[in-house]
Amino acid sequence: GRDNDIFFAFTGTGLGFWLFYKGFKALRLKRTIEAIATSKAQSIAMGMAEVAGTARALHTIQDPVYGQPCVYYLLEVEEERGSGKNRRWVTVYKLNSSSLPFAVADETGAVPVFAEGADLHCDKDIDETLSVGGLLPIFSSDPNGPVPKFLKSIGHSSGRYRVTANFLHEGETVYVLGYA
């Protein structure tokens, strides 16, 4: 009835404002990237800069799921809570290696990268939703695989989880936009 129409009108308006905001934020980032020329590692200028090259390790680290060497990782575990209309995803675990810098190297040299608070834009190495424990565990991969084992190792052995992670490996091509 009328109450539903009002609800949908307010919801649509709110969603419209949110999408408008997200669109302008993405456009601002796109224009910033386009306005800054890619610098060589040897001649990087102070201030906002963009460098491109290959990732190089400055520290020996391993990703927390597979135990493989990498130069940087970012991992998030969310748990589904509530039911019906009150269902939502809540972040229950976050881990990254941003306290350990890595380098971006090109033919002129290398620049250290401190990724604290970085906004990473790449394909996810892990993007998995799975249920563990309970009567009907549902896995999008092997129930004894690395992702379920990792969840159990951090104390999450029962529930529905969404695990997303990025691992940057030595030698991968990287574009970094930040302050030098």
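The dialogue below walks through a predicted model, from its overall fold to two of its residues.

Me: How many helices and strands does the protein have, and which pattern do they follow along the sequence?

Reply: The protein has 2 helices and 11 strands, and reading along the sequence gives the pattern α-β-β-β-β-β-β-β-β-β-α-β-β.

Me: What share of the residues counts as buried, and what share of the contacts joins residues at least 24 apart?

Reply: Of the 180 residues, 28% count as buried; among contacts between residues at least 6 apart in sequence, 64% join residues at least 24 apart.

Me: Where is S131, and is S131 buried or exposed?

Reply: Buried means under 20% relative accessible area. S131, which belongs to strand β9 (residues 126-132), counts as buried because its relative accessibility is 11%. The side chain of S131 is also joined to that of R160 by a polar contact of 3.3 Å.

Me: How should I read a charged residue such as D63, and which side chain of opposite charge is nearest?

Reply: A salt bridge needs a side-chain nitrogen of Lys or Arg within 4 Å of a carboxyl oxygen of Asp or Glu. D63 is buried yet has no salt bridge, the nearest side chain of opposite charge being K149, 13 Å away.

Me: Where does D63 sit, and which residues does D63 touch?

Reply: D63 is placed in the loop between β3 (61-62) and β4 (69-70). A polar atom of the D63 side chain lies 2.9 Å from the backbone nitrogen of V65, and, leaving aside residues up to four places away in sequence, D63 touches Q68, C70, Y73 and F167.

Notes. Residues are numbered from 1 along each chain as its sequence is written. This is a predicted model: local features need pLDDT of at least 70, side-chain atom pairs count only at pLDDT 80 or more; totals for chains, interfaces and linings use all residues. Side-chain values use heavy atoms; hydrogens and water are left out. Helices (H or I, at least four residues) and strands (E, at least two) are DSSP runs, numbered from the N terminus. Buried means under 20% relative accessible area, exposed over 50%, partly exposed in between (1.4 Å probe, protein chains only). Contact means heavy atoms within 4.5 Å. Lys and Arg count as positive and Asp and Glu as negative; His and the chain ends are not counted. A polar contact is a pair of N or O atoms within 3.5 Å; within protein, one must be able to donate a hydrogen and the other to accept it, and residues adjacent in sequence count only if both atoms are side-chain atoms.
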